[in-house]
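Take a look at the chain below. Find its strands before you read on, then follow the sheet from strand to strand.

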Amino acid sequence: MRIDRMPHTRAGTTGWLLDRRRVVRLLAACAVAVAAGPLLAQSRVASRPTEAADNHPLSPAIRYARTGYDALDKVQDYHARFVKQEWIDGGFAVQTMEMKLREKPFSVYLKFGPPHEGREVLYVDGRNGGQLLARDSGIKSLVGTISLDPTGRTAMAGNRYPVTMIGMRKMLDSLVAQWEQDRRQADVAVKYYPDAKVGDLRCKVIESTIPTRREGAKFHRTRLYLDADNGLPIRLQQYDWPAQAGAEPPLVEEYSYLELRTNLGLADGDFDVKNPEYGF
């Protein structure tokens with residue numbers, strides 16, 4: 001930046017003072033410019049992740065996955081056969097449940113099939129003191145209905161996630177958050193399968209793969225299944241990294257919402273322990 005000097009004159013004191021003020025202003029401007037330099041550089045650097053994210057293979061996958069919200073916004077409640085498979089404590093647990101779910105207020109009723117046939121669980125957001133209500137099967141049913149902290153040790157036994165995280169919307173929320181995190185990985189591969197099936201149900205599948213285990217990456221492979229007819233997210237699969245190169249990746253989690261019937265007009269009575277159809 002150029003700083004002009006005033007010519008020195010005997011009677012130039014006032015001129016020199018004015019010039020000094022000008023110099024001070026210019027120096028101050030230089031100081032501001034120097035101070036702002038790192039901020040501008042930071043701003044340019046900060047913009048790079050966004051630009052990189054826009055070009056990341058997961059960006060269109062996330063946009064595609066978010067179309068599931070458009071389908072879910074049309075669903076107030078549903079009945080489903082909920083099947084979950086989870087690797088827990090060194091073993092693989094498979095559970096099938098009859099599910100009723102209402103979005104507002106978030107309400108869930110579950111009736112278990114084998115190996116816990118007859119077990120019932122009920123949770124309604126903002127009711128029952130924030131507790132889930134449960135009645136076990138067999139001889140344990142003699143205890144009657146009990147209240148449990150949804151995230152406590154007893155309620156979480158044999159589960160990777162609490163009942164408050166159940167449902168297609170919560171599943172999609174979790175996936176989108178995961179893929180947003182995975183965009184920090186540069187080598188994610190994404191594939192699309194437009195003609196997949198779950199049983200006889202036609203589906204569109206988005207698959208992401210992170211080739212090697214590293215910090216910040218939770219799963220090796222992820223597959224989201226969207227119903228080809230209505231766009232609902234009906235299945236999520238998560239795989240761990242294979243033990244050796246070329247081996248099949250082991251399944252860690254699978255959540256499926258099958259035989260869906262939506263917008264049934266489920267009411268408070270469907271999520272009440274006093275419902276005569278329930279065993280509470």
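The model you are looking at is predicted. Strands β9 and β10 run antiparallel, and 6 bridges join them. The two strands form a hairpin, with 5 residues between them. Look at Gly231 in the turn, where phi is positive, about 80 degrees.

Now step from β9 to β8. How many bridges join β8 to β9? There are 7, and these two strands also run antiparallel. Here Lys204 stands opposite Leu226 in β9. Is β9 mostly covered or mostly open? It is mostly covered, with 6 of its 7 residues buried. To count as buried, a residue must have under 20% relative accessible area.

Strand β10 covers residues 233–239, and β11 covers residues 251–262. They pair in the antiparallel sense over 5 bridges. Arg235 stands opposite Ser256 in β11.

A helix joins the picture here. Helix α4, residues 168–182, packs on the sheet. It touches β1, β8, β9, β10 and β11. The direction of α4 makes about 45 degrees with that of β10.

Step back and view the whole sheet. It is open and holds 11 strands, with antiparallel pairing. The order is β6-β5-β4-β3-β2-β1-β11-β10-β9-β8-β7. Which strands stand at the edges? They are β6 (146–148) and β7 (189–198). Each has a single partner strand, so one side of each is left without a neighbour in the sheet. From one strand to the next, the twist averages 20 degrees.

Trp87 is found in strand β1. Together with Phe92 and Val94, Trp87 makes a nonpolar surface patch of about 280 Å². Why does Trp87 count as partly exposed? Its relative accessibility is 42%, and partly exposed lies between the 20% limit for buried and the 50% limit for exposed.

Finally, take the chain as a whole. Its secondary structure comes to 4 helices and 11 strands. Of its 280 residues, 39% are buried. The chain exposes about 16,300 Å², and carbon and sulfur atoms supply 54% of that area. Consider also the contacts with a separation of 6 or more: residues 24 or more positions apart account for 51% of them.

Technical notes:
Residues are numbered from 1 along each chain as its sequence is written. This is a predicted model: local features need pLDDT of at least 70, side-chain atom pairs count only at pLDDT 80 or more; totals for chains, interfaces and linings use all residues. Side-chain values use heavy atoms; hydrogens and water are left out. Two strands pair if DSSP finds at least two bridges between them. Axes are lines fitted to C-alpha atoms, for helices over the stretch in contact, and angles run from 0 to 180 degrees between N-to-C directions. Contact means heavy atoms within 4.5 Å. Patches are made of residues with over 30% relative accessible area and no salt bridge: like charges are joined within 9 Å, nonpolar side chains (Val, Leu, Ile, Met, Phe, Trp, Tyr) within 5 Å. Accessible areas come from the Shrake-Rupley method with a 1.4 Å probe; for residues, only the protein chains shown count as cover. A salt bridge is a side-chain nitrogen of Lys or Arg within 4 Å of a carboxyl oxygen of Asp or Glu. Buried means under 20% relative accessible area, exposed over 50%, partly exposed in between (1.4 Å probe, protein chains only).
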